[in-house]
Amino acid sequence: LSSAAFDPAQRAADFPVGKPVGFELVSRALTEIEALKNSGKGSRKIMTVILSNVFRILIHSRPEDLAPTIYILSNKVAPDYEDAELGVGDSTVIRALCETFGRSEKQIKSMIGSADAKDLGEVALQSSQSQKRLMMPAKLTIEKVFSEMKAVAHASGKDSQKLKKEKIQKLLVACREEEAKFIVRTFQSKLRIGIQLPTVMQALAYAFVLTSPDRSGAPRVADTRKGADKMSEQKLDETTMSAMEAAVRQAFSEMPNIDKLVGALLEGRNAETLADACSISLGIPVKPMLAKPSKGIGEVAERLSGVRFTGEWKYDGERAQIHVLSRDRILVYSRNSENMTEKYPDVIKVIRETLCEGVESCIIDSELVAFDLEAKKILPFQVLSTRGRKNIQIEDIKVQVCIFAFDLMLHNGTPLVKRSLEERRNTLWKTLAETEGKVKFATYRNFDELREEDVQEFLDQSIAGSCEGLMLKTMNDNATYEPSKRSLNWLKLKKDYMDGMGDSIDVVPIGAFYGKGKRTGAYGAYLLAIYNLEEEEFQTVCKAGTGFSDEDLATHYEFFKGRVLKHPESNYNVSDKLKPDVWLEACQVWEIKAADLSISPVHTSAFGVKAAGKGIGLRFPRFLRTREDKGPEDSTGADQIVEMFEAQASVGKGGGGEGDDD
Ligand code: ATP
């Protein structure tokens with residue numbers, strides 16, 4: 001196969017308009033991308049070319065297959081805020097493979113890791129190819145695959161595992177060519193070819209620029225290309241391409257809903273008009289803007305010198321995006337776009353009572369913090385974490401919260417994300433009425449010029465006020481609200497930046513070691529990993545047995561004892577030297593603190609980036625708390641680990657050299 005196989009100009013006749021498109025189009029494109037990746041010739045550019053040509057074929061022949069294809073490529077069936085998880089455990093996939101191909105579990109397992117099958121997807125492919133079939137079932141279509149994915153994601157109840165297995169089986173028997181490999185990987189939520197959302201968005205933007213508005217299949221620009229690779233050589237209107245790309249990215253970050261985005265593009269919207277259909281909207285949570293860590297006032301001074309900025313106290317609670325659709329309909333979303341409306345009926349009541357006159361709708365960014373109303377005092381995060389999550393009645397609430405509001409993304413129907421922080425904040429002050437112990441605006445101090453001693457003084461005040469430190473934000477220039485971005489326009493300065501690493505790290509326990517002595521009967525230490533989005537795998541960073549109270553140890557043991565795996569998942573990248581006593585499901589995120597980072601011969605995080613054949617590990621890790629508001633894929637990324645390692649090396653703190661690893 002060559003990339004020309006996806007050239008829409010050459011393939012139009014193979015995809016009759018209106019006819020459901022075969023899944024083989026997706027599977028062939030993924031096969032091509034994987035082959036290029038494995039041969040070292042895969043680049044983001046070629047991936048974009050292939051995907052955008054696949055999208056162009058769909059726009060021309062069956063536009064309704066476009067959104068499902070993007071969902072399939074993203075391993076999702078619905079927007080994140082709809083809570084429809086696809087991930088199917090290896091054991092269900094193995095059972096489906098056994099029953100489809102008449103093999104024993106032992107046979108399937110023994111195939112994994114062989115030269116020809118490095119994962120269950122390749123095991124499925126081998127099994128499918130060696131199976132003799134008398135009658136071929138009908139070809140799989142994109143539509144069919146997507147509808148089965150949705151059925152799997154929505155399956156619940158006691159027979160759900162059986163139902164999921166049957167759905168996978170049904171698809172596997174109909175697989176041709178390489179399809180079985182990608183069907184299995186899709187259900188495991190890991191395509192393993194490193195397609196990231198930005199690439200998909202870029203390909204989507206290009207596909208629409210390159211398709212004529214009447215979608216006749218004729219390209220928008222005179223196009224004489226023979227092969228898809230020529231796209232990069234073409235004298236295409238680069239400004240149109242990059243304007244469309246920027247518009248598509250912005251649209252998706254403000255309205256993270258693939259159906260709506262694709263719908264707006266199919267309506268014929270362009271770079272100028274896309275924002276009218278896809279901007280921040282009530283009832284659709286955006287991924288929040290995030291801050292970059294800093295390693296102290298010196299670094300802050302360097303980054304913010306000459307810029308007007310503000311410092312705000314950094315409250316330690318739970319981030320909440322509050323959508324006021326009307327006074328009667330108020331929704332609360334977590335950092336992860338989870339609907340927390342049921343968890344916080346008291347917050348909804350307070351917002352309703354404190355909305356200023358004339359405010360009909362708004363989206364507020366805030367931190368909910370446990371609050372002692374009598375002592376008029378902020379309480380530690382640990383107190384907040386004892387609150388229930390579902391079916392909460394206001395009268396039963398024991399832990400009161402105060403809403404610390406710090407941003408406003410929409411006001412009376414008008415999106416504010418492109419306005420400066422100063423303007424958003426001024427509008428926020430006119431949106432809610434501060435009320436003792438219930439609603440407060442984040443305590444702030446504006447800095448027209450940076451004097452380190454002033455920042456230090458304000459940091460000290462925030463700590464005296466029971467906060468974690470400061471958030472430093474640009475006020476006027478480069479001061480828009482950037483959903484889903486970890487932006488340099490927001491810097492976090494935590495109180496304990498002095499003791500080594502400036503920031504804590506969010507990790508996922510994937511294994512455990514039995515305790516000895518006092519810890520007999522519980523796990524004494526855990527194997528911790530970060531999630532590498534690019535490689536789609538969990539990579540270890542340390543083994544940790546410190547920082548746990550007896551209660552923590554008991555809670556973790558209780559939580560994980562029903563989540564023990566017989567074998568590590570195929571996306572656990574763990575050195576043989578670190579085999580834990582039990583493997584755990586990757587389902588929880590822990591915040592930990594470490595003394596520093598070091599090059600590690602055993603840990604696999606950011607493997608090979610800083611030293612050939614070695615990863616980066618954490619030294620002297622200490623458990624801080626469980627992060628209920630983060631999913632395993634939101635754990636610290638490999639790129640952040642590399643950034644932290646480099647920042648530490650540049651300030652000369654910590655080893656930076658080789659470490660002892662646990
Ligand atoms: P990250 O995803 O950046 O690692 P995190 O969720 O682990 O962040 P922190 O690193 O502690 O949390 O800092 C960012 C968080 O601080 C925000 O997500 C928000 O919940 C909280 N926060 C508290 N006060 C503020 C404020 N004034 N402005 C912005 N965020 C604030």
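Author: Two residues are in contact if their C-beta atoms, placed from the backbone, lie within 7 Å. The model discussed here is predicted.

Reader: Across which strands does helix α19 lie?
Author: Helix α19 spans residues 452–464. Its direction runs at about 130° to β11. The strands that α19 lies across are β2, β10, β11 and β12.

Reader: What is the strand order of the open sheet?
Author: The sheet has five strands, with mixed pairing. Its edge strands, pairing on one side only, are β1 (290–293) and β10 (444–447). On average, neighbouring strands are turned by 35° against each other, direction ignored. The order is β1-β12-β11-β2-β10.

Reader: Which residue is the bridge partner of Phe309 in β10?
Author: Strand β2 covers residues 309–314. β2 and β10 pair in the antiparallel sense, over four bridges. In β10, the partner of Phe309 is Phe447.

Reader: Which strands does helix α15 touch?
Author: Helix α15 (residues 297–304) packs on the sheet. Its direction makes about 155° with that of β12. The strands touched are β2, β11 (469–474) and β12 (486–494).

Reader: How many nonpolar residues does the contact of α11 with α12 have?
Author: From α11 come residues including Met201, Leu204 and Phe208. α12 brings, among them, Met244, Val248 and Phe252. The contact also has two polar and two charged residues. The nonpolar residues number ten.

Conventions:
Residues are numbered from 1 along each chain as its sequence is written. This is a predicted model: local features need pLDDT of at least 70, side-chain atom pairs count only at pLDDT 80 or more; totals for chains, interfaces and linings use all residues. Two strands pair if DSSP finds at least two bridges between them. Helices (H or I, at least four residues) and strands (E, at least two) are DSSP runs, numbered from the N terminus. Axes are lines fitted to C-alpha atoms, for helices over the stretch in contact, and angles run from 0 to 180 degrees between N-to-C directions. Ala, Val, Leu, Ile, Met, Phe, Trp, Tyr, Cys and Pro count as nonpolar, Asp, Glu, Lys and Arg as charged, and the others, Gly among them, as polar.
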